[in-house]
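Here is a short briefing on the model shown below. Please keep the structure open while reading.

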Amino acid sequence: MVQYLARRLVTLTITLIGIMVITFFIALVVPLDPLAAIAGPQAPQETVERLRKLYGFDQPVYVQFGRYLYRLAHGDLGTSFQTGRPVLEDILHFFPATLELATLALAIAILVGIPLGVLSAVYRNSPLDHFSRVLSLVGVSMPVFWLGLVLMLIFYFKLGWLPEPGRLDIMLIDPPRVTGMLLIDAVIAGDGEVFWDGIRHMILPATVLGLFGLAGIARIVRSSMLDVLSQEYIKTARIKGLNEFLVLTRHALRNALVPTVTIIGLTYGGLLEGSVLTETIFSWPGLGRYLAQAFLTLDLNAVVGGTMLVALTFSLVNLAVDLLYAFLNPKITYTE
Amino acid sequence: MKMNQTASHTLDKSDVRHKRFEARVRYIKDSYVLWRRNHLMMIGTFIILFLIIVAILAPLLATHDPYDQILSDRLSPPSLAYYFGTDSLGRDLYSRIVYGARVTLTIAFLVAFISMPIGTVIGVTAGWFGGAIDEILMRLSDVFLAFPRLILAIAFAAALGPGVENAIIAIAVANWPSYARLARAETLSVKNNDYIQVIRMLGASNLRIMVGHITPMCMSSIIVRMSLDMGTIILTAAGLGFLGLGAQPPMPEWGLMVSDGRQFLVDQWWVSTLPGFAILIVVMGFNLLGDGIRDILDPHQRQS
Amino acid sequence: MTSEPLLKVEDLRVRFYTLRGVVHALEQVSFHLNRQETLGLAGETGCGKSVTARAILRLIDPPGRIERGAIHFEGRNLLKAREAEMRRIRGSQISMIMQEPKVSINPVIRVGKQIAETLLIHDKSLNRRSARRQAVDMLAQVGIPDPGKMSRRYPHELSGGMSQRVMIAMMLVTRPKLLIADEPTSALDVTIQAQILELMKSLVREIKTSVLMITHDLGVMAETCDRVAVMYAGNVVEMGSVRDVLKTPKHPYTQSLLQTVPDNANPDQPLFSIKGNVPSLLEPQTNCVFAPRCEYAMNRCVREKPGSYAINDGHQAACFLMVEKEK
């Protein structure tokens with residue numbers, strides 16, 4: 001197990017270097033001149049030239065890359081053109097909001113998706129099964145941004161059941177920032193009103209974000225449960241006199257979860273992608289929205305820093321998923 | 001006399017050709033039967049056929065010019081004059097959605113037909129040659145795979161600049177690694193087939209083996225992956241359009257149209273809702289089709 | 001000691017309602033098993049042996065249905081028991097070991113835990129540590145070396161023979177009254193077969209379990225069984241002590257079956273096979289099932305279905321020839 005982990009970390013490091021190269025390359029390829037954008041359309045050429053020298057854009061590529069790596073090593077991701085603050089600071093500021101939302105979305109996807117898949121398999125071809133399969137298909141095919149708009153239209157504008165886009169009611173004050181995650185901070189501060197309002201604001205975006213994952217998980221749980229339930233060892237469990245619930249959970253599900261775990265990694269990737277779109281729609285002050293705006297305004301430092309962080313997070317999650325898979329599936333002898 | 005006698009169990013050339021033909025016909029017939037039995041897949045196929053027809057016949061089906069702005073009629077609700085209503089610039093939504101089918105199909109197929117060959121070539125090469133080449137190519141694809149696809153596509157689209165062509169390139173760049181992985185896996189599994197060994201011994205060049213033998217063996221998995229992928233490609237393209245990084249106005253791209261209608265969501269819901277619905281239907285169609293193709297090409301299913 | 005048989009199956013009929021038609025899996029199955037006795041259930045593939053086993057455990061799933069009959073276990077009719085009662089009986093009173101042990105054990109749970117599970121299901125007062133210890137003891141009893149270490153292994157790390165021993169351990173750890181063994185050695189190498197059969201025989205003696213040994217291998221039958229019931233196409237055609245049935249078979253099917261065993265004394269003899277085919281179970285049975293292939297078939301055989309006729313004490317056959325002989 002340890003050797004496996006060690007080997008994966010080495011691979012990860014190489015991948016990270018590659019990530020840095022690519023993100024740098026992306027920034028480099030930008031044909032439009034962001035400096036002209038900062039300086040303003042009326043700025044004379046020499047101002048732009050001075051800015052260029054200041055930011056080091058006049059140096060040859062390898063020098064720029066070298067400086068880039070040097071700064072990275074020192075945790076300096078540059079300054080965001082949008083906000084004027086260091087990118088690292090921006091990222092740390094916005095990340096918890098996304099983490100909160102993504103966690104809730106993942107929880108929804110797992111806690112609803114797995115039982116749905118199990119019930120679908122156990123009661124095969126029942127109305128519940130058909131409903132769940134249709135839901136899965138639709139969930140996987142739906143454009144996230146569209147769903148967000150439609151649900152917002154229905155539940156906020158037309159029905160008024162759920163609050164406006166945003167994290168918190170304008171009238172309420174944020175609790176003192178401890179972790180950056182609204183719910184946790186509210187609990188720490190003992191502020192019940194903020195807590196409940198925060199949850200109400202999270203319902204819609206989390207559902208929208210989580211639906212895709214829910215659909216994917218339900219699908220794979222269903223198919224692997226069907227597979228597992230036809231196996232001989234399930235018969236053995238029944239012969240032992242085990243009640244049906246335990247047969248399903250202790251024996252069947254335990255086996256069916258093995259392929260499901262790999263989907264979790266993919267789901268997480270979907271969450272990262274989805275958050276860019278969802279946060280934009282729901283005006284959620286998180287990393288996704290930050291990134292979307294960075295891309296639009298060509299805020300290079302933010303683009304590079306943000307993309308790299310996303311790739312890093314995704315890689316770590318995939319590593320965790322692979323380890324979890326190896327843990328769950330005893331047949332894997334940790335040689336690839 | 002004895003030399004001219006062919007043993008009774010060998011076939012001569014024309015027999016071989018005939019038997020191969022028969023086998024192919026039977027395969028196609030079986031596939032057709034499986035297709036018909038699978039109702040969901042039929043629905044998917046019809047949706048896609050419908051989409052293709054709409055795209056081809058767009059000029060005939062549309063009621064207005066999709067770029068034509070009739071400002072006095074802006075933001076009007078669905079009616080007999082404008083089936084789906086009009087958008088903020090007075091353009092007929094129905095016609096724009098109809099023409100949007102062309103845009104969507106073009107993007108989807110271009111992305112697929114760019115990323116698939118590139119990915120397949122890289123994958124087969126990596127799998128066949130192994131060693132350092134394999135390592136380098138796989139590390140390269142790992143790096144690309146370390147980014148969630150949409151994010152990578154957005155990054156490249158942002159870097160390359162807005163526009164449909166750049167969006168297509170961006171999505172293709174994000175897409176090829178999964179084909180490479182798949183092709184490599186398939187190559188590895190057939191590399192040691194007796195069949196391949198024989199051809200090597202007969203002196204076939206690497207290129208010939210890779211192109212003529214290995215690649216065809218990978219094709220069924222690749223096709224399955226491609227059909228399942230189409231839906232995701234369309235969603236990614238729509239996402240880019242929505243963010244303003246893909247198709248640019250005034251092009252009738254569905255994602256872009258959803259974004260346009262965002263400000264008018266409350267009172268003029270049709271501007272955003274209907275194009276998004278079109279995306280949903282099309283992606284569902286491709287997903288159903290993809291599932292069906294997978295069921296057909298998967299050898300396990302064929303036994304029944 | 002009561003002379004009441006431990007298990008008495010009466011007139012069992014099981015049908016499967018499939019898309020292709022009604023499968024008459026068991027038409028008229030009756031037999032009994034005495035305490036501390038091994039009864040062999042012999043017959044070709046498809047004759048209904050496994051269905052009988054599943055029926056006893058009441059594990060026949062739809063589209064199968066037990067249509068008629070009674071299964072008396074220790075006096076109680078299992079077909080009338082409630083599901084909760086059946087669950088109590090399964091695993092503790094009646095157990096079953098199956099043909100392919102490697103796929104019959106859960107691959108993601110350690111074997112020791114799975115053996116302990118049987119104990120824990122039926123004895124709620126048992127604590128986990130004690131159950132694990134008993135599991136290890138059981139592993140030793142079934143002849144697995146280094147049982148402590150082995151109990152922490154996963155099934156895929158075991159060979160076929162060892163897996164079957166684990167399966168036996170899992171099913172005998174609760175000392176059931178009845179063990180059903182469904183072709184326990186068919187999937188094993190010949191050398192391992194002998195070992196497993198030996199193991200079973202000694203364990204059965206020790207635990208004083210009664211065994212329903214299902215097999216198509218006449219050799220296994222001869223070696224392990226006290227009595228034998230021969231099945232054909234969903235019917236019991238002959239039943240008696242092993243000696244009686246193997247030495248003096250009365251039913252034409254049994255006779256033909258025994259003829260198919262290759263004769264080592266005359267290796268050049270062409271192999272005998274019973275002419276004709278096993279009837280399709282989709283047809284309802286109105287006459288003797290074996291009649292189409294029977295050399296001695298009479299008019300009566302094609303018109304009526306024979307009951308079971310006694311030949312002597314304990315030996316009976318479902319054949320009109322028995323009746324004719326009486327005349």
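A residue is buried if 20 or more other C-beta atoms lie within 10 Å of its own, exposed if 12 or fewer and partly exposed in between, with C-beta atoms placed from the backbone. Helices (H or I, at least four residues) and strands (E, at least two) are DSSP runs numbered from the N terminus. This is a predicted model: local features need pLDDT of at least 70, side-chain atom pairs count only at pLDDT 80 or more, and totals for chains, interfaces and linings use all residues. Residues are numbered from 1 along each chain as its sequence is written, and chains are lettered from A and ligands numbered from 1 in the order in which they are written.

**Strand S7 of chain C**
- Five of the five residues of S7(C), 178-182, are buried, so the strand is largely enclosed by the rest of the structure.
- Leu178(C), Ile180(C) and Asp182(C) cover one side; Leu179(C) and Ala181(C) lie on the other.

**Its neighbours** (strands pair if DSSP finds at least two bridges between them)
- S6(C) pairs with S7(C) in the parallel sense, over four bridges.
- Ile180(C) has Met96(C) opposite.
- S8(C), residues 210-215, also pairs in parallel with S7(C), over five bridges.
- Leu212(C) in S8(C) is the bridge partner of Ile180(C).

**Contact between chains C and A** (C-beta atoms, placed from the backbone, within 7 Å)
- Chain C places 23 residues in contact with 16 of chain A.
- H2(C), S6(C), H3(C) and H4(C) each supply at least two residues of that side of chain C.
- H4(C) gives the largest share, four residues.

Technical notes
Two residues are in contact if their C-beta atoms, placed from the backbone, lie within 7 Å.
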